[in-house]
Amino acid sequence: MSHSPRIRTVMGCTLLVAALGASATACGSSSHPLAEKPYDAADQIEVSGPAEGKKADPDKPLEVTSEDDGSRITDVTATDGIGRYVAGELSADGSRWHSTAPLAADAHYTVRVSTEDEDGAPGRKVLTFDTAKPDKNKALKVTFGPDAGTYGVGQPITAELSAPVKDKAARAIVERALKVDSQPAVNGSWTWVDDKHLHYRPEEYWPAHATVEAHSNLEGIKVADRLWGGAAKSLRLTIGDRIEAITDAGSHSMTVYRNGEEINQIPVTTGKPGFETRNGVKVVLGKEYFVRMRSTSIGIAAGSSDSYDLPVYYATRVTWSGEYVHAAPWSTGSQGSANVSHGCTGMSTSNAEWFFNTVRAGDIVKVVNSNGAQMDPFGNGFGDWNLNWKSWEKGSAIQATTPSGHSTAEQARLSPEV
């Protein structure tokens, strides 16, 4: 029996976001190349999409599935012609990856699928496709995020558009129609992350226990030729306590504050040389009680000196590329004294359980004194707070743009990760 997966890819359109679609089991930087050449998985991958010579429907999602129980998908990366990533989710068992936001219309995509058989042998498949142009008189729909609920003070409001808006005048029409109100009131602004995504944040973190509401007045408004505003569902969030975790990679310590008062100090280990943890402000993206972390998901060959395959508990995710705060009982001897991880922040199981139970999505995790690169503002989670307020406002279509004609947010997104 072949252990290599057969992959079925359904081409279509959902909203393109700057956030990276990454494997749920990554831990650290994804910049390290594979040490050994993967086997040719082309014969084992089945692709179905538009008929030959036809373009994909830009209103259907992109999906990759493994139909062989002895194999799994380890990573899927889909990018358009200018390098923008399609956000997606990989199931815990590696059987299915699907896009979580629409693709761009009238775009050329390259999809790279990484697979692994039950013996750990990696395989690769690369395919390309084009999406069709948008229909005439297309309605521009707006989807606000995140889901309704209670979040930390660092949670941005996101707006996903169903079609690209490039013209500055059209962007201004859209932006003026997207309203965010809070109690108590704050000074805030939208920033354009790319042609289809906007983020909204206050000048400072949200006030603790604030109520935030977002809605659109765009329906029925002409945005551009053959593009009119469509309906949008409003969003209501509540903000919890102000929880901030400050990790000092130099002193190997994390200090946690609630509403400005220190509530815990935890010995930690962060990324070792070559895998340094990113500096800057990150926002908790989610929590997973159990994650299987394997080095092959970040390009480290199995059996090499840096390889690992570990069950990890109390994992709090802070980047899409796989940076977590998690239990690391194997490194307790280094916690508080040395940095030995592959990019994550490790701590004892009891401390990780406490941290896991204390924080929620939207809480702040800030890393200082690391030799790693700066956290990107966009594309790998919510690094929005790494832009100062003046730079943030420049990303607004209502504010001035940079001399290059790109907003500050777009320039940050288009810059390669170091």
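Guide: Accessible areas here come from the Shrake-Rupley method with a 1.4 Å probe, and for residues only the protein chains shown count as cover. By that method the protein exposes about 18100 Å², of which carbon and sulfur atoms supply 47%. The model is predicted: local features need pLDDT of at least 70 and side-chain atom pairs count only at pLDDT 80 or more, while totals for chains, interfaces and linings use all residues. Residues are numbered from 1 along each chain as its sequence is written, and side-chain values use heavy atoms, with hydrogens and water left out.

Visitor: How do you know what histidine 252 is in contact with?

Guide: Contact means heavy atoms within 4.5 Å. Apart from neighbours within four places in sequence, histidine 252 has contacts that include Ile266, Pro267, Val268, Gly336 and Asn339. Its side chain also reaches the backbone oxygen of glycine 250 at 3.5 Å. A polar contact is a pair of N or O atoms within 3.5 Å; within protein, one must be able to donate a hydrogen and the other to accept it, and residues adjacent in sequence count only if both atoms are side-chain atoms.

Visitor: What makes a set of residues a nonpolar core, and which residues have the most contacts inside the largest one?

Guide: The set must consist of buried Ala, Val, Leu, Ile, Met, Phe, Trp, Tyr and Cys residues, joined through side-chain atoms within 4.5 Å. The largest such core has 38 residues, and Leu140, Ile157, Val174 and Trp190 have the most contacts inside it. Helix α1 (residues 168–177) gives the most to this core, with four residues. A second, separate core has 17 residues, among them Ala245, Val268, Val325 and Phe355. Among the buried residues of α1 are Ala170, Val174 and Ala177. Aspartate 167 caps the N-terminal end of α1, with a side-chain oxygen 3.1 Å from the backbone nitrogen of alanine 169.

Visitor: Why are arginine 96 and glutamate 63 called a salt bridge?

Guide: The term requires a side-chain nitrogen of Lys or Arg within 4 Å of a carboxyl oxygen of Asp or Glu. Arginine 96 and glutamate 63 meet at 2.7 Å, N to O, so the pair falls within the limit. It links distant parts of the chain, from strand β6 (residues 96–99) to strand β3 (residues 63–66), 33 residues apart. At 34%, arginine 96 is partly exposed, whereas glutamate 63, at 18%, is buried. The structure holds nine salt bridges.

Visitor: What makes arginine 278 part of a network?

Guide: The side chains of arginine 278 and glutamate 323 form a salt bridge at 3.4 Å, N to O. These two residues lie in loops and are 45 residues apart. Arginine 278 and glutamate 323 are both buried. Salt bridges with shared partners join Arg278, Lys282 and Glu323 into one network.

Visitor: Which residues make the nonpolar surface patch of about 320 Å², and what makes it a patch?

Guide: Tyr289, Phe290 and Tyr313 make it. Patch residues have over 30% relative accessible area and no salt bridge; like charges are joined within 9 Å, and nonpolar side chains (Val, Leu, Ile, Met, Phe, Trp, Tyr) within 5 Å. Phenylalanine 290, in strand β23 (residues 286–294), has 42% relative accessibility and so counts as partly exposed.

Terms used:
Buried < 20%, exposed > 50% of the residue type's maximum accessible area, 1.4 Å probe, protein only.
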